[in-house]
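Please keep the sequence and the coordinates in view while reading.

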Amino acid sequence: MKTIKILYWISISFFGLSMLSGAALYFFNYQHAYSEFSRLGFPTYIIYPLAIAKIVGVIAILQNKQQTIKEWAYAGFTFNLLFAFSAHYATKDGEAFGPALVLIFLIFSYILDKKRVQKSISNE
């Protein structure tokens with residue numbers, strides 16, 4: 001159980017920090033985000049809502065009271081990362097590895113979270 005918890009917190013920490021740093025980039029370096037979104041073909045009006053969604057999503061994943069909200073946050077991040085990966089891959093800009101790596105950590109943390117919750121329920 002302890003190994004699962006440690007691996008879970010490592011993977012969710014890496015994932016959460018990458019999402020929060022992306023949100024910070026959107027807020028504090030808007031011009032760079034604007035040019036990247038334009039280059040990738042995404043509408044630029046979603047930059048601020050996406051930044052807010054990333055922050056709220058990380059909070060939703062870290063909380064343990066509302067499992068449905070947590071599941072929706074995992075789903076939203078999965079779609080976000082799949083779209084980011086496919087956009088970078090399609091433009092062949094060499095930046096598709098980042099979203100793919102973060103997606104791996106997201107999937108890993110999701111699986112470990114399920115095991116962690118299941119073990120804590122069976123221990124009660």
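A salt bridge is a side-chain nitrogen of Lys or Arg within 4 Å of a carboxyl oxygen of Asp or Glu. By this criterion the structure holds five salt bridges. The model is predicted, so local features need pLDDT of at least 70 and side-chain atom pairs count only at pLDDT 80 or more, whereas totals for chains, interfaces and linings use all residues. Residues are numbered from 1 along each chain as its sequence is written, and side-chain values use heavy atoms, with hydrogens and water left out.

The protein has five helices and zero strands, and its pattern along the sequence reads α-α-α-α-α. Helices (H or I, at least four residues) and strands (E, at least two) are DSSP runs, numbered from the N terminus.

Side chains of opposite charge can pair when their charged atoms come close. Which residues form a network of salt bridges? E36, R39 and D93 are linked in this way. The side chains of E36 and R39 meet at 2.6 Å, N to O; these two residues are three apart in helix 2 (residues 30–40) and therefore separated by about one helical turn. R39 also forms a salt bridge with D93, at 2.7 Å, N to O. Because R39 lies in helix 2 and D93 in the loop between helix 4 and helix 5, this pair ties together parts that are 54 residues apart in sequence. R39 is partly exposed, with a relative accessible area of 37%, and D93 is partly exposed at 23%. Here buried means under 20% relative accessible area, exposed over 50%, and partly exposed in between (1.4 Å probe, protein chains only).

A further salt bridge joins the side chains of D113 and K70 (3.2 Å, N to O). D113 lies in helix 5 and K70 in helix 4, so the pair ties together parts that are 43 residues apart in sequence. Both D113 and K70 are buried.

The loop between helix 4 (67–91) and helix 5 (97–123) also contains K92. Most residues other than glycine have a negative phi. K92, although not a glycine, has a positive phi of about 50°. K92 is exposed, with a relative accessible area of 70%.

Attention now turns to the surface. L20, F27, F28, Y48, I52, I55, V56 and I59 form a nonpolar patch with about 770 Å² of accessible area together. Helix 1 (2–28) and helix 3 (47–62) are the elements that give two or more residues to this patch, and helix 3 supplies the largest share, five residues. Patches are made of residues with over 30% relative accessible area and no salt bridge; like charges are joined within 9 Å, and nonpolar side chains (Val, Leu, Ile, Met, Phe, Trp, Tyr) within 5 Å.

Finally, some totals describe the whole protein. The C-alpha atoms fill a box of roughly 50 × 25 × 20 Å, taken along the principal axes. Of the 124 residues, 32% count as buried. The accessible surface comes to about 7,800 Å², of which 70% belongs to carbon and sulfur atoms; accessible areas come from the Shrake-Rupley method with a 1.4 Å probe, and for residues only the protein chains shown count as cover. Among contacts (heavy atoms within 4.5 Å) between residues at least 6 apart in sequence, 65% join residues at least 24 apart.
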